[in-house]
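Please read the following report alongside the sequence and the model.

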Amino acid sequence: MTSTENRPWRGVLVATALPLNEDLSVDYDRYAQHCAWLVENGCDGVVPNGSLGEYQVLTPEERAKVVETAVSAIGGSRVMPGVAAYGSAEARRWAEQARDAGCRSVMLLPPNAYRADERSVLAHYEAVAEAGVPVIAYNNPIDTKVDLVPELLAKLHAEGYIHGVKEFSGDVRRAYRIAELAPELDLLIGADDVLLELAVAGAKGWVAGYPNALPAASVELYHAAVEGDLDTARLLYRQLHPLLRWDSQVEFVQAIKLSMDIVGRHGGRVRPPRVPLLPEQEATVRAATEKALAAGLA
């Protein structure tokens, strides 16, 4: 059994953008095609119902069907749904739904309806872990205001509540502290624009945004970085970084969907309260995407 089969959250898992119709309903057929296309282009799996998938503005029925659509398209072992919710009971129900759909792992934010303390975080992950599917923590203190610092991650791992962490803090120094405190906890790259730094630091996977538009070049970059081919990795990183840095911007969903449109995929619209990019933002994304195309990175 390979490490990816044993730990299906390893490798390049794409936080999938969700295609919408003109009336803003979900285009499930196009979503299934997108999941299959990503795997055909070298990605190891997908993460539906993350922020890039606009899960916060989906109905419960839509959210469940998105998971089922991804599983039908590429198989449950390749699908790690986001199960974030304000309440622990609801997050556990989403973990159970993912488990019952055939998924072998889920991704979970800490409580974020308020600035949770350590006891609340531990209780939250304990409750969701009881669903019986491996949990990958998602540390995004920028948006949630709850920081899963290395010491807290080590406690969560020691209790058996989590198996890995998607690290989005941007502080690459944490990779080394996590490895010291919890060497068996898998570090996953959580922000596209620190990919090289975290790969060099020992990351085991990448929960990725921009492969939605440029999967082949992104996968090549990831493998070059983790395998130590730094000449290849540095070149690709410089070429892609003007796009990768959008993954850490407020408008990351709109930017990635625009790049998808430009390369000939369907990115399309976003649901409110998100609004379209400003003209100058659109011009910046368009120029960077077209430059990547000209460089043969599509």
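## Aromatic pairs

Tyr 138 and Phe 168 are both buried, a term that stands for under 20% relative accessible area, with exposed meaning over 50% and partly exposed in between (1.4 Å probe, protein chains only). These two residues form an aromatic pair of the edge-to-face kind, with 6.5 Å from centre to centre and 90° between the planes. Rings of Phe, Tyr and Trp (its six-membered ring) are paired if their centres lie within 6.5 Å, and planes under 30 degrees apart count as stacked, those over 60 as edge-to-face and the rest as tilted. The pair connects distant parts of the chain, since Tyr 138 belongs to strand β4 (residues 135-139) and Phe 168 to the loop between β5 (164-167) and α8 (174-181), 30 residues apart. The model is predicted, so local features need pLDDT of at least 70 and side-chain atom pairs count only at pLDDT 80 or more, while totals for chains, interfaces and linings use all residues. Residues are numbered from 1 along each chain as its sequence is written, and side-chain values use heavy atoms, with hydrogens and water left out.

The structure holds two aromatic pairs. The other is formed by Trp 206 and Tyr 222, and it counts as stacked because the ring centres are 6.4 Å apart and the planes lie at 25°. Trp 206 is in strand β7 (residues 205-208) and Tyr 222 in helix α10 (residues 215-226), 16 residues apart, and both residues are buried.

## Charges over rings

Lys 166 lies over the face of Tyr 138, at 4.0 Å from the ring centre, and Arg 265 lies over the face of Trp 37, at 3.9 Å from the ring centre. The criterion is that NZ of Lys or CZ of Arg be within 6 Å of the ring centre and within 35 degrees of the ring normal.

## The nonpolar core

The largest nonpolar core has 108 residues, and those with the most contacts inside it are Tyr 125, Leu 153, Ile 162 and Tyr 210. Helix α12 (residues 252-262) gives the most to this core, with seven residues. Such a core is a set of buried Ala, Val, Leu, Ile, Met, Phe, Trp, Tyr and Cys residues joined through side-chain atoms within 4.5 Å. Beyond its neighbours within four places in sequence, Tyr 125 has contacts (heavy atoms within 4.5 Å) that include Leu 108, Val 135, Tyr 138 and Ile 162.

## Helices α2 and α3

Helices (H or I, at least four residues) and strands (E, at least two) are DSSP runs, numbered from the N terminus. In α2, the buried residues are Tyr 28, Tyr 31, His 34, Cys 35, Trp 37 and Leu 38, and what covers them includes β1 (11-15), β2, α3, α10 and α12. Just after α2, Gly 42 takes a positive phi of about 100°.

The buried residues of α3 include Glu 62, Arg 63, Val 66 and Ile 74, and their cover includes α2 (28-40), β2 (45-47) and α4 (88-101). Just after α3, Gly 75 takes a positive phi of about 95°.

## Cysteines

The structure holds zero disulfides, a disulfide being a pair of cysteine sulfur atoms within 2.5 Å. For Cys 43, the nearest cysteine sulfur is that of Cys 35, 10 Å away, and Cys 43 is buried, with a relative accessible area of 2%. The sulfur of Cys 103 is 11 Å from the closest cysteine sulfur, in Cys 35, and is therefore too far for a bond. Cys 103 also counts as buried, at 5% relative accessibility.
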